[in-house]
Amino acid sequence: MHHPLQSVAWWAALLCLLAAPWALGGSGAVYSAFVLIAILAIMSYGLDIIVSDLGEVSLAHPVFFATGAYTTALASARWGLDPASALILTIVASLAVALLIGLVTLRLREFVFSLVTYAVTVVGMTLAANWSFLGGSDGIAGIPVFQLFGYAARTDRALWPVAWLFLVLTIYLVSSFRRSRLGLEAMTIHLNPKLATMSGIDPQRIRMLVFMVSAPITATAGWLYAYQRAYISADVLDMYFLILMLTAVVLIGRRMLAAPLIGVSLILLQEKFLSLGGYYDRIILGGVLIAVLSFLPRGLSGVAIDTYRLLARRRSAANS
Amino acid sequence: MNFAQQLINGLVLGHAYALIAIGWTVLLGVARLVNFGHGQMYMLGAFVTWFVMAKTGLPYLVAIPLSMTVGVAVGYLMQRTMLQLTIKQDLVSVMIVTLGFGHVLEGAAALFFGSTGQILDTPLSLSNIYIADIWITWQDIAIILVTVVFFAGLKYVIEKTELGRLIRMVAEDPKLAALAGIDIQKIYLGVFAFEGAAVALAASLVAPRTPILTSMGFNEVIITFVVVVLGGIGSVAGSYMAGIGLGLFTAFFGAYVSAAYSTAAMFIVLIIVLVIRPGGLATRPGGH
């Protein structure tokens, strides 16, 4: 977003997005779908900076999502706190969890890193399903309506501007991160570890910091999700969220600011409006993930670019 | 809770863990590959065995090889799909692709077998043996025997035969192996097919111990991680010992502390090992 023209284009696109559910008829189902797209896109952006910038695959991100959802459920339904306090608690809690996971996995790379982070998610799931403090298998019900500064979001239509605002903030944060010193150092470690060491970059410190940037983003999605659902259980740690995040991050192409948002939108569009039933949707989502990584390593954008270049070459050949 | 009974339970469980993990041990240590769909392949193996016995009435001894055949087919198909990633040694992508396969397998299994739990009863699991106040089934004895024979056979093949030598060579340096005229694609496909067969065999033997659900794969893969990591990645004898140690740990932890948290406890063990001995995680290509 650093080029002025790009910024204008981005703002125009984001404002169109804000008005889109209204333009599409404004039914409750459309607003619900848009709120969910915003939530799951925010969740995916958290993972995106780990996968695209740090070059590692964290499978622990469902735990950050759940941390946000559970913290909010506890803060609002049990302790009667307002959304702003719940958000602060969510960020603090996710930073604490990220610090813990980060410390354990600091020296691990590649598949061992992924393996341990996957184990974190499975343990998180058994913990959420069994620990009575987190409601055990019943979960936590009775999360009140989102109400802040006199604005009450009783329906998804009223929650949509809030979800949109946080989506915009997330995109801005990710874009600033990519231009920041930390973001550049993370990329250096990812693309050229030797150069990073020679430039005096401490890989472990950077990894930890990137983790600490990523976790609150995904946890904020959990915060919004709790208000949309009004009920939270161990289902927030379902494999579905992990597969969805991973697919959204790789589907369009890596290190493209809009990619996770477009990825999530395409997936949710299929699930909400072209669904073939839960189990078939699962096969489709998994199948897309397999196909993209195995056959289209640069994502759909890579295919689009190649097709465009091919057509351009043909046209110039025909002209000459 | 009787101490001797827990000891027996732990030993049976330990052999079960080792058998479930053997496919991964070979995959990771010998061919430097990973499979996050391992748990769902275990689930599929259990359901195919159940389906063959319950719906067609064929005997257990026929159901096992059929289940293993399906395992071979799934393993082959997975590796066929991601062969380019494997040859590039893009482990991170291989990992996510196998995770995707797990997701697909779970959806497909729920469609085909239904999402309700089933009980996989075999002639062996229904015949009990009582020695004083200790209880054990023939199924438990079969698990121990098959695991011991399988591990001994595998160790022999990897260390002593021509095939084992080729596999270790591919693991050590795939490019050099290819230059030396080894068909590395065939080795990778074969190793994955072996993983499919091994986990299906483990499922046919171990799954009768508990009710089976199409969603159970998620948990199963953790046990495998812990066994493989504790055993020293790629070590066949190491994962046998790690399996037994972990089985004993789970049995006693479940009996004296809490059964619900035994997976979490297992994970804590893994973390402690990682923090104390990060060197134990160094992949030794072709290690045995």
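Figure 1. Phe113(A), at 2%, is buried. This is a predicted model, in which local features need pLDDT of at least 70 and side-chain atom pairs count only at pLDDT 80 or more, while totals for chains, interfaces and linings use all residues. Residues are numbered from 1 along each chain as its sequence is written, chains are lettered from A in the order in which they are written, and side-chain values use heavy atoms, with hydrogens and water left out.

The structure holds 26 aromatic pairs over all chains. The ring centres of Phe113(A) and Phe211(A) lie 6.2 Å apart with the planes at 80°, so this pair is edge-to-face. Rings of Phe, Tyr and Trp (its six-membered ring) pair if their centres lie within 6.5 Å; planes under 30 degrees apart count as stacked, over 60 as edge-to-face and the rest as tilted. Phe113(A) belongs to helix α5 (residues 110–130) and Phe211(A) to helix α9 (residues 203–229) of chain A, 98 residues apart. Helices (H or I, at least four residues) and strands (E, at least two) are DSSP runs, numbered from the N terminus.

**Figure 2. A charge over the ring of Phe113(A).** The charged end of Arg207(A) sits over this ring, 5.2 Å from its centre. The rule asks for NZ of Lys or CZ of Arg within 6 Å of the ring centre and within 35 degrees of the ring normal.

**Figure 3. An aromatic cluster in chain B.** Phe47(B), Trp50(B), Phe51(B), Phe112(B) and Phe113(B) form one aromatic cluster. Phe51(B) is partly exposed, at 28% relative accessible area, whereas Phe112(B) is exposed at 55%.

**Figure 4. The interface of chain B and chain A.** In contact (heavy atoms within 4.5 Å) are 40 residues of chain B and 39 residues of chain A. The buried area is about 3,700 Å², 84% of it from carbon and sulfur atoms; this is the accessible area (1.4 Å probe) that two parts lose on being put together, summed over both. On the side of chain B, Ile96(B), His103(B) and Phe218(B) lose the most area to chain A, together 20% of what that side buries.

**Figure 5. The salt bridge between Glu106(B) and Arg282(A).** The closest N and O atoms of the two residues are 3.0 Å apart. A salt bridge is a side-chain nitrogen of Lys or Arg within 4 Å of a carboxyl oxygen of Asp or Glu. The count between chain B and chain A is one.

Methods
Buried < 20%, exposed > 50% of the residue type's maximum accessible area, 1.4 Å probe, protein only.
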